[in-house]
Amino acid sequence: MKKVLAITLVLSLIFCLAACGGKTNDNGTVPSADNNSESQPASQGESVSDNSNDAAAAGLTGKINIINLDDRDPSVLKGIVIKGNCAGTAEGFNNREASLDDVRCIFELNEWIEFYPDTDKEYALRVWILKHRDDQEYYNTAKFSDLDPNFANYCDLHYPADEDNPDEYPWGSFYLNPEECEPGYYDFIFTYEGKAIATLLTRFYNENELSDKSDAELEALMHE
């Protein structure tokens, strides 16, 4: 009788060990030391939810990125000058020619930002300001709305025909309220007839963070 009980116990242990060794995940695979059910932390330098690292890696260039698609005409924007009223001098950092390759792209929160586009007067453009997205192709088909969670502001650009010196007057201006927006990377999305035709990667700093910097220092930051 004792021998039968001993054999029974041995067989039970063998079956238990076989059952434990054959345990699988929900997808039917056998777990291993490299396949834990708990999620692993992102490796160093890998972004989890913040796209600012991707923007920093891409680097600011001051270059307008034109969106060439068959359903839109990006040629309405031939160039642009963007100025601010806090950082840089009027004779230096803010004294640029209209361009698509050398456009001011660093600003402070609460700084008034002015647009002087090189475009035919009948064209009405809008600039959307959104928190930077790593997936820039999103803008190819995006429907722009102030309900977008990344929405920060927008600015309509109209030729200032009623001004005494319309060619020297901004077509539109805006600022980012520091109580509502955080410093960091933002996309300027230039739209015509509701569709994106160009983008510009920009960076906004805290108030007074750029005000004391020289034009040369600002230029270095703009091409970091």
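Author: The structure holds zero disulfides, a disulfide being a pair of cysteine sulfur atoms within 2.5 Å. This is a predicted model, in which local features need pLDDT of at least 70 and side-chain atom pairs count only at pLDDT 80 or more, while totals for chains, interfaces and linings use all residues. Residues are numbered from 1 along each chain as its sequence is written, and side-chain values use heavy atoms, with hydrogens and water left out.

C105 has 0% relative accessibility and so counts as buried, whereas C86, at 33%, counts as partly exposed. Buried means under 20% relative accessible area, exposed over 50%, and partly exposed in between (1.4 Å probe, protein chains only).

The part to look at is strand β8, residues 184-192. Helices (H or I, at least four residues) and strands (E, at least two) are DSSP runs, numbered from the N terminus. Nine of the nine residues of β8 are buried, so the strand is largely enclosed by the rest of the structure. Strands pair if DSSP finds at least two bridges between them. β8 runs antiparallel to β5 (residues 125-131), with seven bridges joining them; here K131 stands opposite Y186. On β9 (residues 195-205), also antiparallel, nine bridges join to β8, and Y185 has R203 as its bridge partner. β8 and β9 form a hairpin with two residues between them, and E193 in the turn has a positive phi of about 55°.

Next comes the packing. A nonpolar core is a set of buried Ala, Val, Leu, Ile, Met, Phe, Trp, Tyr and Cys residues joined through side-chain atoms within 4.5 Å. The largest has 41 residues, and F188 and F190 are among those with the most contacts inside it. Elements giving two or more residues to this core include β5, β8 and β9; β9 gives the largest share, six residues. F190 touches residues including I64, F115, V127 and L200, not counting residues up to four places away in sequence; contact means heavy atoms within 4.5 Å.

Aromatic rings also meet here. Rings of Phe, Tyr and Trp (its six-membered ring) pair if their centres lie within 6.5 Å; planes under 30 degrees apart count as stacked, over 60 as edge-to-face and the rest as tilted. There are 17 aromatic pairs in the whole structure. F107 and F204 form a tilted pair, 5.4 Å centre to centre with 35° between the planes. The centres of Y123 and Y192 are 5.2 Å apart and their planes at 85°, so this pair is edge-to-face. Y123 lies in the loop between β4 and β5 and Y192 in β8, so the pair ties together parts 69 residues apart in sequence. Y186, F188 and F190 belong to one aromatic cluster, which also includes F204.
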